Amino acid sequence: MLLGHVFELFVKKTPFAVMSRSLLERTLSPEALDALFEDKADMQYTRELTFSSVVDLMGQVVTSAFPSVRAAYLDKTFGISVSLTSLYNKLHGIEAAVAAQLVRHTAGHFQPLIQEIGGALPEPVPGYQMHVLDGNNIAASEHRLGETRGNSAAPLPGKSLCVFQPAYQLVTHIVLCEDGHAQERSLVDPILDLVEKDSLWVADRNFCFQRFLLGIARKLGFFVIREHAGLNYNVVSKLRKCGQSESGEIFEQTSVIKDEEGTKHRFRRIVVKLKKATQDGDWELVILTNLPKTVSAVVVSAAYRKRWTIEGGFLDLTTTLDCEIDTLCYPRAALFVFCVAVMAYNLQSAIKGVMRSEHGAEKVENDLSRYFVAGEIGQVYRGMMVALPPEEWTIFRQMSLNEYVAFLKRLARNVDFERYPKAHRGPKKAKAKRHYDPDHPHVSVAKLLLARKIKESG
């Protein structure tokens, strides 16, 4: 036993809460967080209120352990002695660079752990490390700013670009902008700085513009990006059929972009003639790529479909984690909370990586619910930290990587999947068209049920 009988009870009954807390101890110790803040913060400084205390508090809010920032503050378990107003002022002042670094820091620790424990998924295109890029608008906040109270327009507190690695299910980097109206294209320069040789970048048509495509190619990276109608290029070959996928028939041709100096850059234009129209009514999906011909058009189209994994991540952030707290109207506060939620999402992804190493990817994907995992962590954490205070967890900082991997595998083996069932829904049914009768705007449910009973009884 590591920490005695009480610890073993939590291991047996709430393995994900224990796994979560041990991962945080190794990755986000108060000393590491405060050092991160001191390194990245330009304007703010720490006096009575430490950055680590704020991260700890907001981590409990986004995992629903507390219903609001105020409720967490009033609990008085986070070592926060300043006023609630001072806490909000701290949130309003946390710089975007600090919040973004929180995401990079966690991903930088979880990725090698997932790799070491054997929980990484295969790369969608073998030989190329895939990165999925997508933008996310932070949801509109309440009309708390004086300037917004007389206006029905929804106040947008900010925008982000997220880089997601499907093999690890981690958001590895994030670019933040306090202007909710900013175009995604205006935020890509920090993304281009991340491009490495042979890395693969997948994105939707919002990122299909010459500077971005050629910027990736110049750094010897590769892209798979949906075509935007505004891109200027020339087609230099006819479409030829290359194969078939679940979505439809796949064709390919060669196209050329000229850069500002007149240099020609050749790339592949892949057309998927869909069996079923998209939500926008499109019957063709056109994908541009500079991957070599050794990567088939069928594989390229499948790689683009992997882009939806980041959409699933955004859905988890909204439904499983409270990534958007509508009372936080100031951009820096809203963006910081979003990053804390992304950090919690990465923590769950690390947990799923641990589970894959013992139970396989298919079982974890099909049978393990992020919702119930997050629920256990949020519900148990407070009580667990009373029974096992912070100083009891420092043992996990002292463990070697091999010792810690063995501990995580033991936890994973003891998980009862029936306690965390994933819901499986069938295909969506078409919604019946509703009619509106102004003379009868309401119905009595009791009368409807009575009518149904009479009809069924014959």
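This is a predicted model: local features need pLDDT of at least 70, side-chain atom pairs count only at pLDDT 80 or more; totals for chains, interfaces and linings use all residues.
From first C-alpha to last, H17 reaches 16 Å, close to the 16 Å expected at 1.5 Å a residue. Just after H17 comes glycine 458, with a positive phi of about 95°.

A search of the whole structure finds 13 aromatic pairs. In one of them, the ring centres of phenylalanine 7 and tryptophan 393 are 5.8 Å apart and the planes stand at 70°, so the pair is edge-to-face. Since phenylalanine 7 belongs to helix H1 and tryptophan 393 to the loop between H14 and H15, the pair ties together parts that are 386 residues apart in sequence. Phenylalanine 7 is buried, at a relative accessible area of 0%, and tryptophan 393 is buried with a value of 0%. An edge-to-face arrangement is also found for tyrosine 128 and phenylalanine 222, with 5.3 Å centre to centre and 80° between the planes. Tyrosine 128 lies in the loop between helix H7 (96–117) and strand E1 (129–137), and phenylalanine 222 in strand E5 (residues 222–226), so this pair ties together parts that are 94 residues apart in sequence. Both tyrosine 128 and phenylalanine 222 are buried. Phe7 and Trp393 also belong to one aromatic cluster with Phe396, Tyr404 and Phe407.

Lysine 273 places its charged end over the ring of phenylalanine 251, 4.7 Å from the ring centre. For lysine 363, the charged end sits over the ring of phenylalanine 417, at 4.5 Å from its centre.

Glutamine 169, in the loop between strand E2 (159–165) and strand E3 (170–177), has a phi near 60°, a positive value in a residue other than glycine. Glutamine 169 is buried, with a relative accessible area of 17%. Aspartate 198, also not a glycine, has a positive phi of about 70°; its place is in the loop between helix H8 (189–192) and strand E4 (199–203). Aspartate 198 is partly exposed, with a relative accessible area of 35%.

Terms used. Residues are numbered from 1 along each chain as its sequence is written. Side-chain values use heavy atoms; hydrogens and water are left out. Helices (H or I, at least four residues) and strands (E, at least two) are DSSP runs, numbered from the N terminus. Buried means under 20% relative accessible area, exposed over 50%, partly exposed in between (1.4 Å probe, protein chains only). The expected span of a helix is 1.5 Å times one less than its number of residues. Rings of Phe, Tyr and Trp (its six-membered ring) pair if their centres lie within 6.5 Å; planes under 30 degrees apart count as stacked, over 60 as edge-to-face and the rest as tilted. A charge sits over a ring if NZ of Lys or CZ of Arg is within 6 Å of the ring centre and within 35 degrees of the ring normal.
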